[in-house]
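Good morning, colleagues. I would ask you to look at the structure on the screen while I speak.

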Amino acid sequence: MSTRSADLLIVGGGVVGLSVAYNCAKRGLGKITLLDRGRIGRGASSRNLGGVREQFSNEPMIRLMKYSIDVWEGLSKELRWNVLFDQKGYLMLARTESQAEQVKQNVRLQNSIGVNSVVLERDDVAEMLPQLKMDGVKCASFNKRDGAVHHDAVLWGLERAARRHGVEIIENVEATKLCTTSGRINAVETTAGTISTQKVINATGVFSRDLALTVGIDLPIRSFRREALVTEAYKHFLKPVFWDLTLGLLLSQTLRGEVLCDTRDPGNEESRDTGVSLSFLKKLAREVCELFPALGELHVLRQWSGTYDVTPDGSPILGESDEVSGLYFASGFTGHGLMVAPALGRLYADYLISGKKPKLLEPFRLSRFAEGKPIVEPLVAGRKIA
Ligand SMILES: Cc1cc2nc3c(=O)[nH]c(=O)nc-3n(C[C@H](O)[C@H](O)[C@H](O)COP(=O)(O)OP(=O)(O)OC[C@H]3O[C@@H](n4cnc5c(N)ncnc54)[C@H](O)[C@@H]3O)c2cc1C
């Protein structure tokens, strides 16, 4: 490996690491190296469903995602690469009284922060989703600024732009140990030698805890397997991203007509395994046919799984470590890392250039757990968060 020093070393070449690398390089932060132990984007970033939304249940995430959607709206132009951001809306379906109360409360909170989501009554839902079986439907929340992107297009666009701005991308090299002197980062040991640096971003997804442990920091991040599948193309029947809160079933129809699906599966326990299971396929097929009977005739093209880096409150851990200066966290996304990545890239560039932590990042500090100030996000696809 030719590199032996960097002004900023980003460990992890998923969507988060790439977005931070691109933005910092564009802003002229100096020599930036991005390291991945495999190929760029082979982690969770190429295994997700591409959902993007500002409909969250807590103020810090709503504000962060409101900003992120602003960035998404201009990203294709900025990158000179179409990331296929389709603002087709996002609908969250309530089929119990408590869910209906929760979505109404969320909409009130979102509206108070300037997010224009709305509550759809039963008849509005039926009109928007004519193929949905309406049994038990109470209401839904909906936001037309939300939607979906194509994850591969995002990764390719960010990688190209990062390289164009001079980021050195090193694949198939693993960071094995963070090194410090007097409580400061001074180097990172890798499988291809040592890189000296004063600033490291730990953007290693479900592996973030392992890397932080090499300097004695125990990040409260666990890894959960999550399966998904895509069907053959079907006539367009579903405009918004659709999420049934009772089942945990999530459907999104691509521009070409394929249907991306995933659902809550008790079989998907804490694990880093990325295999697939028949039990998931059966459960998902049953649920899809129950809600959208016409889809029963569809063939499945591909099934896969990835991992969620899950924190105790369902919100990410961001910002510099209190214990080791120069070490920055960017993980624990609990299923929301793709949608938040454009905002994080911009905010980390501001942060590293000014030395001042942006307000939008402040609530996500690691110390919030010890302070008893969790940012609880109960609406996590596929997982129940306390
Ligand atoms: C089925 C599924 C559906 C999802 N749906 C959505 C969705 O709709 N919307 C959304 O926003 N999010 C969704 N997500 C979550 C989203 O994919 C992740 O939050 C996001 O991709 C995290 O990106 P990342 O860059 O932090 O991590 P990753 O993409 O996992 O990247 C981490 C990288 O670090 C590398 N690495 C690890 N350890 C080391 C090391 N020691 N040295 C060097 N490199 C290392 C890995 O090889 C990997 O490439 C979903 C996830 C899954 C699995």
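**A helix pair and the ligand shell**

I begin with two helices: in α1, the residues Val 15, Val 16, Ser 19, Val 20, Tyr 22, Asn 23 and Cys 24 meet Gly 337, Leu 338, Ala 341, Pro 342, Leu 344, Gly 345, Arg 346, Tyr 348, Ala 349 and Leu 352 of α8. By class, the residues of this contact comprise 12 nonpolar, four polar and one charged. Please bear in mind that the model is a predicted one.

As to the geometry, α1 spans residues 15-26 and α8 spans residues 337-354. Their axes lie 8 Å apart, and the two helices pack at an angle of about 35°. The crossing of α1 with α8 is right-handed.

I turn now to the ligand. Which residues are the closest to the ligand? They are Gly 14, Gly 43, Gly 205, Gly 306 and Gly 337, within a surrounding set of 40 residues. Both α1 and α8 are among the elements that give two or more residues to this shell, together with β13 (222-231) and β17 (300-310). The shell divides into 15 nonpolar, 18 polar and seven charged residues. Domain 1 (8-48 + 152-221 + 313-371) and domain 2 (87-145 + 223-308) each supply at least three residues to the shell.

Finally, the chain as a whole. It contains nine helices and 19 strands. Its C-alpha atoms fill a box of roughly 60 × 40 × 40 Å along the principal axes. The radius of gyration is 21 Å, which agrees with the value near 21 Å for a compact globule, because that is the value that 386 residues would give.

Definitions and conventions:
Residues numbered from 1 in each chain as written. Predicted model: local features only at pLDDT ≥ 70, side-chain atom pairs only at ≥ 80, totals over all residues. Axes fitted to C-alpha atoms, helices over the stretch in contact; angles between N-to-C directions. Helix = DSSP H or I, 4+ residues; strand = E, 2+ residues; numbered from the N terminus. Left-handed = near helix turned anticlockwise from the far one by under 90°. Contact = placed C-beta atoms within 7 Å. Nonpolar A, V, L, I, M, F, W, Y, C, P; charged D, E, K, R; others polar. Near = placed C-beta within 6 Å. Domains from an automatic or database assignment. Rg over C-alpha atoms; globule rule 2.2 N^0.38 Å.
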